[in-house]
Amino acid sequence: MNPELRPLSPLPAATTGPRFALSVDVEEWYHTCLVPAYVDPQRRPSGLTEELDWLLPDLLELLAASGSRATFFVLGEVAAHLPGRIREVAAAGHEICSHSQLHFRIAGQSRQELASSLRRSKALLEDLIGQEVRGFRAPEWSFREPRHPLLGLVADAGYRYDSSLAPVVGAGRWSNPRRPYLLQWTDRGSLLELPPLVFGGPLHLPAGSWPGRLAGTAPILAAARRAARRGELPVMVVHPWEVSGRPTPGPLRGMARFVHETGRGGYRERFGRLLAAVPWVPIGEAAAEWLAVAQPSASAAADPSAEHIGWFSDTVGAPTTEAELARALAERPGRP
Ligand SMILES: [Zn+2]
């Protein structure tokens, strides 16, 4: 059954301060869906250069230099291979979430395979870090749109939020919402959807891929600040290989090469400037603050989003019940 899309209306950012969320998709350069033989461990050529063992500590230093924290969407395959590195990421104050078990597109998986990947990667990461894994991002944004018939499996597996539905032609749908919303099923739970940042006005270009690398820092920051002013929650995306400061260490051809190499020159420095410009925090934390001031619907007591608002609010010590939330909102000056 298709979910109902429930928009959430936050207060203007001016009353609460803007929030900027940063996310890192933790995968090697060869985890690209454009080269199926690379993402399938059974078919992967042996001897491909791996970088994450040094790229992850390098990225942690880069983030620490600006006081930035992020959500790391980790492939289960990577976590099994580098458990110590993932623990270091968590110990540095970042949020650990799932990027599924292997980097397969959703469309190539059966219902059972996807359900298993969602549960397996979540359990593996939770065992590693000793904390609940709350968020999921599909490889290559491959749910594409909110009415994908398997999207409900993310809620079934116990995730609280998803960040897989890009408002981008190709990677997703141009018409996908740009602001957070609830996906509410009548026959199962709900998911908070937190879409990635786009720029370029009506073009909806992805801020976290080659168009964003090519554009430079100023247009991305302007888009993030504009989104925050509109009361949206800008979610920036980066991959460790993008900020390695080195060329791709193995063979990629055609579109895969274009996507990896375009705009890479100098991107490490541009990304550093992006980090230094605004305070970046993990998605779960930004969403908690965002939801703590989101306006409940007219019938707050019967609002199914209240459970989500309560959970996220717990993490920042904000109101924990819908009644408290409604009271806090009523008392808040400047409520429209
Ligand atoms: Zn990925």
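1. What pLDDT does the chain average, and what share of the residues score at least 70? This is a predicted model, and the chain averages a pLDDT of 86, with 84% of the residues scoring at least 70. Two stretches call for caution: over residues 296-302 the pLDDT stays under 50, and the model has 12 contacts there beyond four places in sequence, while over residues 313-336 the pLDDT is below 50 and the stretch has 40 contacts in the model beyond near neighbours in sequence. Where pLDDT is low, the predicted coordinates should not be read in detail.

2. As to overall make-up, the chain contains 13 helices and 14 strands, and buried residues account for 46% of its 336 residues.

3. Strand 4, residues 71-74, has parallel partners in two other strands. Four bridges pair strand 4 in the parallel sense with strand 3, residues 20-26, and Val 26 has Val 74 as its bridge partner in strand 4. Strand 4 also runs parallel to strand 5, residues 95-98, to which four bridges join it, and here the bridge partner of Phe 73 is Cys 97. The side chains of strand 4 divide between two directions, with Thr 71 and Phe 73 pointing one way and Phe 72 and Val 74 the other way, yet all of these residues are buried.

4. A further set of strands pairs in the antiparallel sense. Strand 1, residues 4-7, and strand 8, residues 181-184, are antiparallel over four bridges, and Arg 6 has Leu 182 of strand 8 as its bridge partner. Strand 8 pairs in turn with strand 9, residues 190-193, again in the antiparallel sense and over four bridges, and there the bridge partner of Leu 182 is Leu 192. Strand 8 and strand 9 form a hairpin, with five residues between them.

5. Helix 2 and helix 4, the latter covering residues 83-91, pack with their axes 10 Å apart and at an angle of about 10°; as angles under 35 degrees count as roughly parallel, these two helices are therefore roughly parallel to each other. Where they meet, Leu 52, Asp 53, Leu 56, Pro 57 and Leu 60 come from helix 2, and Arg 85, Glu 88 and Val 89 from helix 4.

6. Not counting residues up to four places away in sequence, Leu 56 touches Arg 85, Val 89 and Pro 240. The C-alpha atoms of Leu 56 and Ile 86 are separated by 8.4 Å, although the two residues are 30 residues apart along the chain.

Methods. Residues numbered from 1 in each chain as written. Predicted model: local features only at pLDDT ≥ 70, side-chain atom pairs only at ≥ 80, totals over all residues. Buried ≥ 20, exposed ≤ 12 C-beta atoms within 10 Å, placed from the backbone. Pairing = 2+ DSSP bridges. pLDDT = per-residue confidence, 0-100. Contact = placed C-beta atoms within 7 Å. Axes fitted to C-alpha atoms, helices over the stretch in contact; angles between N-to-C directions. Parallel < 35°, antiparallel > 145°, perpendicular 65-115°, else oblique.
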